[in-house]
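Visitor: I have a structure open and would like to talk it through. Could we start with the strands and then move on to the ligand?

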Amino acid sequence: MNDDAEQPSGRLAIRTLAMPADTNPRGDIFGGWLLGQMDLAGGITAWSRANGRVATVGIESVRFLHPVNVGDVVNIYAEVVRIGTTSLTIKVDVWVERRSQLHRLVKVTEGMFIFVAIDEKSQKRPVPPS
Ligand SMILES: CC(C)(COP(=O)(O)OP(=O)(O)OC[C@H]1O[C@@H](n2cnc3c(N)ncnc32)[C@H](O)[C@@H]1OP(=O)(O)O)[C@@H](O)C(=O)NCCC(=O)NCCS
C-alpha cells in the first residue's frame, strides 16, 4: 500500500485510468475531469444512502494536493460524513497508483461534496433513515 501514515477512508467508489484525452493543453490531467469523476463517486455514494435520486448542490471544498499523470490508476474513495434533513455531505478523496509504482497509493485530491435527495419531480425530499 502506501508508505505514509494516512490510509484511504470510505469505500472505493470508482477505479479508472487517467487517459491522454483527459489532459489540459500542458499535458497534465485536467482538474475538471477529476472533479467530474469525484462528483460521480460522491453521487453513487449519496444515491445509495438516499435510496434514490440525488442532485449535486454544492462543493464545499476541494484541494488538489499533487498532479495526476497520464497512465495513473485513479482510485476514488467516498463516504457519507453528514446527513441533514434533505442533504448529504460526502467526503471524496482521490488516491493514485503511478505507472512506475503500482500498488503504492498517493493521495492527490480531497473534497467535500453536498448532494440533496430529490424525487421524481426533481424536488427535494427527506433522506430516509438508514
Ligand atoms: C436540489 C434542489 C432541488 C434543492 O432545492 P432548494 O430549494 O434549493 O433546497 P434548499 O435551499 O432548501 O437546500 C436543501 C438542502 O441542501 C443544503 N444546501 C443547499 N445548497 C447548499 C450548499 N451550497 N452547500 C451546502 N449545503 C447546501 C441546505 O442546507 C439543505 O440541507 P438540509 O435539508 O439537510 O437542511 C435545487 O437546489 C436544485 O434543483 N438545484 C440544482 C441541482 C442540479 O441541477 N445539480 C447538478 C448541477 S449540473
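**Strands, ligand and loops**

Guide: Strands β3 and β4 run antiparallel and are joined by 10 bridges. Strands pair if DSSP finds at least two bridges between them. This is a predicted model, in which local features need pLDDT of at least 70 and side-chain atom pairs count only at pLDDT 80 or more, while totals for chains, interfaces and linings use all residues. Residues are numbered from 1 along each chain as its sequence is written, and side-chain values use heavy atoms, with hydrogens and water left out.

Visitor: What counts as a strand or a helix here?

Guide: Both are DSSP runs numbered from the N terminus: helices are H or I with at least four residues, and strands are E with at least two.

Visitor: How many residues lie between β3 and β4?

Guide: The two strands form a hairpin with three residues between them. Within this pairing, Glu 79 stands opposite Lys 91 of β4, and Ile 76 has Val 94 as its bridge partner.

Visitor: Which other strands pair?

Guide: β4 also pairs with β5, in the antiparallel sense, over 11 bridges. There, Val 92 stands opposite Gly 111 in β5. Strand β1 (residues 11–17) pairs with strand β3 (residues 73–83) over six bridges, again antiparallel. Thr 16 has Val 74 of β3 as its bridge partner.

Visitor: Is β4 mostly covered or uncovered?

Guide: Mostly covered, as 10 of the 11 residues of β4 are buried. Buried means under 20% relative accessible area, exposed means over 50%, and partly exposed lies in between (1.4 Å probe, protein chains only).

Visitor: Now the ligand. Which residues are around it?

Guide: The shell includes Ala 55, Thr 56, Val 57, Thr 85, Thr 86, Ser 122 and Lys 124. The shell residues divide into four nonpolar, six polar and one charged. In this scheme Ala, Val, Leu, Ile, Met, Phe, Trp, Tyr, Cys and Pro count as nonpolar, Asp, Glu, Lys and Arg as charged, and the others, Gly among them, as polar.

Visitor: Which strand gives the most to that shell?

Guide: β2 gives the most, with three residues.

Visitor: Changing topic, where is Arg 98?

Guide: Arg 98 lies in the loop between β4 (87–97) and β5 (105–117). Arg 98 counts as buried because its relative accessibility is 16%. A polar contact of 2.6 Å joins its side chain to that of Asp 72. A polar contact is a pair of N or O atoms within 3.5 Å; within protein, one must be able to donate a hydrogen and the other to accept it, and residues adjacent in sequence count only if both atoms are side-chain atoms.

Visitor: Which residues other than glycine have a positive phi?

Guide: Asn 51 is one of them, with phi near 60°. Asn 51 is found in the loop between α1 (31–50) and β2, and is exposed, with a relative accessible area of 65%. Ser 122 also has a positive phi, of about 65°.

Methods: A residue is near a molecule or strand if one of its heavy atoms lies within 4 Å of it.
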